[in-house]
Amino acid sequence: MEQARARDLAVPQSYASVRVPAQGAPGAALEQVRGEHTHSEPPAPRPVQRHSVRGQILHALRTALVDGDLVPGEVYSAPVLGERYGVSATPVREAMQQLVMEGAVEVVPNRGFRVARRTARELAELAEVRALIEVPVMLRLARTVPADRWSALRPLAEATAAAAATGDRASYAETDRAFHRAVLALAGNEQLLAVADDLHRRSQWPLSGAPTTRRADLVADAAEHTALLEALAAQDLPVVQALVREHFAGSDI
């Protein structure tokens, strides 16, 4: 009976981790526990997954779009971009397909991907849509969120100011989105966050032929974050509404 119980509790071999004996060492012991190794035998490195490479390339391409390194109207092939980033063409194509869905680039058959040309009208339309979505949410949050919750977001506002001071447009774009996501996250609506983040990202692509954003413009834009937090904490609804609309309309960052 005890032997039967032991058989019932035995771990099936398919769940055990088996180490293949090294060449020239027949009869090597099987590894007892997954992840165990001897001091003379370091653990094998974890392979890099394709999706993580794709994510890194997508981030790099988005940064290049914001910086203007990928020029509006120009066509870029996946193999050439792959050489630039030290990867094969496959993760570049996968990342570019995501940018196609976001409207940042378009497919050019047998050539590659053309960076979309932005216009002032498109930017104004994005600002209007963002305001229509976010202003009512901000006003509701101003009425319901305690002041100390807004104070907790001050480090994110300070991070945008620090990035702006360097004049690095891509770094500022990242911290700017992080700040706005944190504010809207207090609404507890994941769909709102997804839509707002997509609109925000689209608004950060530079206009066709527009001059590089000046550091002073970034600094002024970042200062509005601190002012917005103060208005939200004070429940000053008219100022909140005015700041958000001005922030969207006056910024292409």
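Modeller: Let us begin with how the angle is defined: an axis is a line fitted to C-alpha atoms, for helices over the stretch in contact, and angles run from 0 to 180 degrees between N-to-C directions. Please keep in mind that this is a predicted model.

Colleague: OK, at what angle do α8 and α10 pack?

Modeller: Helix α8 (residues 169–185) and helix α10 (residues 215–233) pack at about 15°, and their axes are 11 Å apart. Since angles under 35 degrees count as roughly parallel, α8 is roughly parallel to α10.

Colleague: Which residues make the contact?

Modeller: On the α8 side they are R169, Y172, D176, F179 and H180, while α10 contributes L218, D221, A222, H225, L228 and L229.

Colleague: And how do α7 and α8 pack?

Modeller: For α7 (residues 154–166) and α8 the angle is about 165°, with the axes 8 Å apart, and these two helices are therefore roughly antiparallel to each other. The crossing of α7 past α8 is left-handed.

Colleague: Which residues of α8 does α7 meet?

Modeller: In α8 they are S171, Y172, T175, D176, A178, F179 and A182, which meet L156, A157, A159, T160, A163 and A164 of α7.

Colleague: Switching to α4, which of its residues are buried?

Modeller: The buried residues of α4 are A89, P91, V92, A95, M96, L99 and E102. Viewed down the axis of α4, they fall within an arc of 160°, so they line one face of the helix.

Colleague: What follows α4?

Modeller: G103 does, and its phi is positive, near 85°.

Technical notes: Residues numbered from 1 in each chain as written. Predicted model: local features only at pLDDT ≥ 70, side-chain atom pairs only at ≥ 80, totals over all residues. Heavy atoms only, no water. Buried < 20%, exposed > 50% of the residue type's maximum accessible area, 1.4 Å probe, protein only. Helix = DSSP H or I, 4+ residues; strand = E, 2+ residues; numbered from the N terminus. Arc of directions from axis to C-beta. Parallel < 35°, antiparallel > 145°, perpendicular 65-115°, else oblique. Contact = heavy atoms within 4.5 Å. Left-handed = near helix turned anticlockwise from the far one by under 90°.
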